[in-house]
Amino acid sequence: MNADDNKIEPTLDGAPAPADLPPEEAEAAAAANEADLAASLSELEQLRARNTELTEQYLRAQAEVQNTRRRTDEEMAKARKFAIESFAESLLAVADSLEAGLAIQDAKPEQIREGAEATLRQLKSVLERNKVVEVNPAAGAKFDPHQHQAISMVPAPGQEANTVVTVLQKGYLIAERVLRPALVTVAAPPQ
């Protein structure tokens with residue numbers, strides 16, 4: 001007996017099998033290995049099919065994301081382009097009033113003033129409807145650097161320091177955001 005007589009050879013599933021198996025056991029082992037191989041191949045095919053399915057789902061999802069992004073970009077571009085449309089439409093009535101006033105050749109100063117005041121009211125109404133709010137602080141109001149811009153500090157006897165003395169130009173907010181700060185003079189601290 002030599003060393004090769006007791007040699008154990010591995011099978012397809014990795015389990016060692018004696019080299020000297022009786023034919024019935026060898027056939028049973030081969031059949032078991034074939035069944036395992038068939039099951040493995042079947043499982044491999046299922047995994048490949050699932051992989052293909054998941055790849056297709058991924059590609060569809062990617063396409064949907066790109067389409068959504070494109071549609072969103074288009075909608076945002078349209079919104080930017082036409083956002084001012086409502087505001088501009090509101091201002092057309094103000095322009096019409098100004099043109100009508102200028103069309104009168106021999107208007108009296110009182111008529112011109114009345115027309116200008118009516119047009120100003122109309123303009124203020126349009127601004128308010130479009131959330132453009134006037135910033136016109138009263139004298140003595142606390143200086144607010146978020147809504148006011150100090151042009152100078154002036155001595156103001158009897159008035160607290162850092163309060164508004166005069167408004168040189170009104171400011172405006174749009175939807176609570178500063179469109180233009182009010183230009184003001186501010187009371188200087190006492191010396």
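**Surface, sheets and salt bridges**

Author: Leu 44 has a relative accessibility of 34%, so this residue counts as partly exposed. One caution at the start: this is a predicted model.

Reader: Where does Leu 44 lie?

Author: Leu 44 is part of helix H1, which covers residues 23-82.

Reader: Which residues make the nonpolar surface patch with Leu 44?

Author: Leu 37 and Leu 41 form the patch together with Leu 44. Its area is about 250 Å².

Reader: Now the charged pairs. How many salt bridges does the structure hold?

Author: There are eight salt bridges. Among them is the pair of Arg 48 and Glu 45, with an N to O distance of 3.3 Å.

Reader: How far apart are Arg 48 and Glu 45 in helix H1?

Author: Three residues, which means that about one helical turn separates Arg 48 from Glu 45.

Reader: What does the side chain of Arg 50 meet in a salt bridge?

Author: The side chain of Glu 53, at 3.0 Å from N to O. Arg 50 and Glu 53 are three residues apart in helix H1, so about one helical turn lies between them. Arg 50 is partly exposed at 42% relative accessibility, and Glu 53 is partly exposed with a relative accessible area of 38%.

Reader: What about Glu 134, which residue forms a salt bridge with it?

Author: Lys 124 does, and the closest N and O atoms of the two are 3.8 Å apart. This pair links distant parts of the chain, since Glu 134 sits in strand S3 and Lys 124 in helix H3 (residues 109-129), 10 residues apart.

Reader: Which residues are linked with Glu 134 in a network of salt bridges?

Author: Lys 124 and Lys 170 are linked with Glu 134 in that network. Glu 134 is partly exposed, with 31% relative accessible area. Lys 124 is partly exposed too, with 33%.

Reader: On to the sheets. What is the order of the open sheet that contains S3?

Author: The order is S3-S6-S7, three strands with antiparallel pairing. S3 (132-135) and S7 (177-180) are the edge strands; each has a single partner strand, so one side of each has no neighbour in the sheet. On average, neighbouring strands here are turned by 35° against each other, with direction ignored.

Reader: How many bridges join S3 to S6?

Author: Four, and the two strands run antiparallel, with S6 covering residues 171-174. Within S6, Leu 173 stands opposite Val 133.

Reader: And S4, what is the order of its sheet?

Author: S4-S8-S5, which is an open sheet of three strands with mixed pairing. At its edges are S4 (148-154) and S5 (164-169), each pairing on one side only.

Reader: In which sense do S4 and S8 pair?

Author: They pair in the parallel sense over six bridges, S8 being residues 182-187.

Reader: One last detail. What is the bridge partner of Ser 152 in S8?

Author: Thr 185 is the bridge partner of Ser 152.

Methods: Residues are numbered from 1 along each chain as its sequence is written. This is a predicted model: local features need pLDDT of at least 70, side-chain atom pairs count only at pLDDT 80 or more; totals for chains, interfaces and linings use all residues. Side-chain values use heavy atoms; hydrogens and water are left out. Patches are made of residues with over 30% relative accessible area and no salt bridge: like charges are joined within 9 Å, nonpolar side chains (Val, Leu, Ile, Met, Phe, Trp, Tyr) within 5 Å. Accessible areas come from the Shrake-Rupley method with a 1.4 Å probe; for residues, only the protein chains shown count as cover. A salt bridge is a side-chain nitrogen of Lys or Arg within 4 Å of a carboxyl oxygen of Asp or Glu. Buried means under 20% relative accessible area, exposed over 50%, partly exposed in between (1.4 Å probe, protein chains only). Two strands pair if DSSP finds at least two bridges between them. Axes are lines fitted to C-alpha atoms, for helices over the stretch in contact, and angles run from 0 to 180 degrees between N-to-C directions.
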